[in-house]
Amino acid sequence: MSSYAITGASKGIGLEFVRQLAADTSNTVLAIVRNPKATDISEVASKYSNVHVIKGDVTDPKSILDAASSTSAITGGKLDVLIHNSNAVDSAAIALSPSQFPFDAEAVPKMFEPSIATAIYGGLWATNAFLPLIEKGNQKKIVHISTAMALPDFINKTGVSYAVAYSVAKAGMNVQVAKYAAELAPKGIKVLALSPGWVDTWEGEKTPEVVQADEFMLKQFQVGYPDLKGKILPDESVRKCLQVIGNLDERSSGLLLSHNGDQERWT
Ligand SMILES: NC(=O)c1ccc[n+]([C@@H]2O[C@H](COP(=O)([O-])OP(=O)(O)OC[C@H]3O[C@@H](n4cnc5c(N)ncnc54)[C@H](OP(=O)(O)O)[C@@H]3O)[C@@H](O)[C@H]2O)c1
């Protein structure tokens with residue numbers, strides 16, 4: 001019998017975490033979303049009685065504290081695993097390489113803001129809000145969903161120069177995770193940054209531009225990882241991520257691991 005809270009559970013990988021965890025009826029699953037009335041999460045909650053949908057925005061301290069408090073009322077003050085999965089980007093800036101950023105003291109912080117707010121501030125506030133519950137849980141695990149795009153080795157191998165704010169924010173997330181692991185080790189709490197692989201979370205039909213962007217990225221990724229065939233589906237990513245979370249212990253606490261459970265097979 002385990003309890004899991006997942007932030008950013010409205011769609012994509014977060015929603016798939018909820019689906020797979022809910023399928024084990026002995027689990028209690030807290031789906032933290034900005035809009036509890038959103039269609040997909042409402043459908044999952046209506047199918048599984050062990051799913052509780054809770055309103056929570058990780059970039060708003062009061063909102064995420066309220067979410068932790070609602071969780072506590074459901075679980076009796078404890079939580080086994082927190083998965084901080086939320087992410088946002090400034091889509092207008094995602095294609096820029098570093099030298100293309102303007103000399104504009106207002107524009108540039110706005111380009112970084114959504115990524116930094118969800119990965120760094122959101123990572124801090126979500127973790128700190130749920131920490132008292134994790135301390136009382138049995139598994140004592142905190143997982144931040146990160147990416148290999150934040151790794152200098154991955155960037156050097158593939159030559160991917162865009163997605164600057166996203167990658168910088170996730171690199172900060174990885175450091176923050178290591179800091180948490182160092183702080184919380186004496187309490188037996190394990191903290192992990194986990195890369196889910198390259199996952200197809202696009203909703204609905206893909207436009208020709210999206211298909212083209214996928215093909216462009218695939219070619220670039222294949223420069224560093226020639227065996228890569230394409231994106232994996234959320235089902236496979238989350239199944240593998242859950243295995244890695246299951247194996248998380250004091251030795252792997254503080255690391256960034258791939259969905260394959262190592263620091264090599266990122267795709
Ligand atoms: N897909 C990939 O290939 C891939 C690769 C590497 C890493 N990742 C990481 O995996 C995670 C999930 O990716 P995804 O592709 O499933 O992303 P996604 O489809 O864009 O979903 C992002 C989720 O974050 C939520 N969110 C955004 N801002 C939030 C906030 N302020 N507070 C709470 N929730 C917020 C969104 O909720 P709303 O519905 O309210 O907007 C949504 O549920 C992310 O951390 C991403 O960086 C993904």
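**Exercise 1.** Are helix 1 and helix 8 roughly parallel or roughly perpendicular to each other?

*Solution.* The model under study is predicted.

Step 1. Helix 8 comprises residues 234-247, and its axis lies 9 Å from that of helix 1, at an angle of about 65°.

Step 2. Angles of 65 to 115 degrees count as roughly perpendicular. Helix 1 and helix 8 are therefore roughly perpendicular to each other.

Step 3. The crossing of these two helices is right-handed.

Step 4. On the side of helix 1, the contact is formed by Ile13, Glu16, Phe17, Gln20 and Leu21. These meet residues of helix 8, among them Pro234, Val238, Leu242 and Ile245. By class, the contact of helix 1 with helix 8 has eight nonpolar, one polar and three charged residues.

**Exercise 2.** Describe the packing of helix 3 against helix 4.

*Solution.* Step 1. Helix 3 (residues 61-75) packs against helix 4 (residues 107-136) at an angle of about 25°, with the axes 9 Å apart. Helix 3 is therefore roughly parallel to helix 4.

Step 1. The crossing of helix 3 with helix 4 is right-handed.

Step 2. Residues of helix 3, including Ile64, Leu65 and Thr71, meet Trp125, Ala126, Ala129, Phe130 and Leu133 in helix 4. Ten nonpolar and three polar residues make up the contact of helix 3 with helix 4, with no charged residues.

**Exercise 3.** How many residues surround the ligand, and which are the closest?

*Solution.* Step 1. The ligand is surrounded by 24 residues, of which the closest are Ser10, Arg34, Asp57, Tyr166 and Thr201.

Step 1. Individual atom pairs may then be examined. A backbone N or O atom of valine 58 is 3.0 Å from a nitrogen atom of the ligand. For asparagine 87, a backbone N or O atom lies 3.2 Å from an oxygen atom of the ligand. Lysine 170 places a polar side-chain atom 2.9 Å from an oxygen atom of the ligand.

How values were computed
Residues numbered from 1 in each chain as written. Predicted model: local features only at pLDDT ≥ 70, side-chain atom pairs only at ≥ 80, totals over all residues. Heavy atoms only, no water. Axes fitted to C-alpha atoms, helices over the stretch in contact; angles between N-to-C directions. Helix = DSSP H or I, 4+ residues; strand = E, 2+ residues; numbered from the N terminus. Parallel < 35°, antiparallel > 145°, perpendicular 65-115°, else oblique. Left-handed = near helix turned anticlockwise from the far one by under 90°. Contact = heavy atoms within 4.5 Å. Nonpolar A, V, L, I, M, F, W, Y, C, P; charged D, E, K, R; others polar. Near = heavy atom within 4 Å. Polar contact = N/O pair within 3.5 Å; in protein donor to acceptor, adjacent residues only side chain to side chain.
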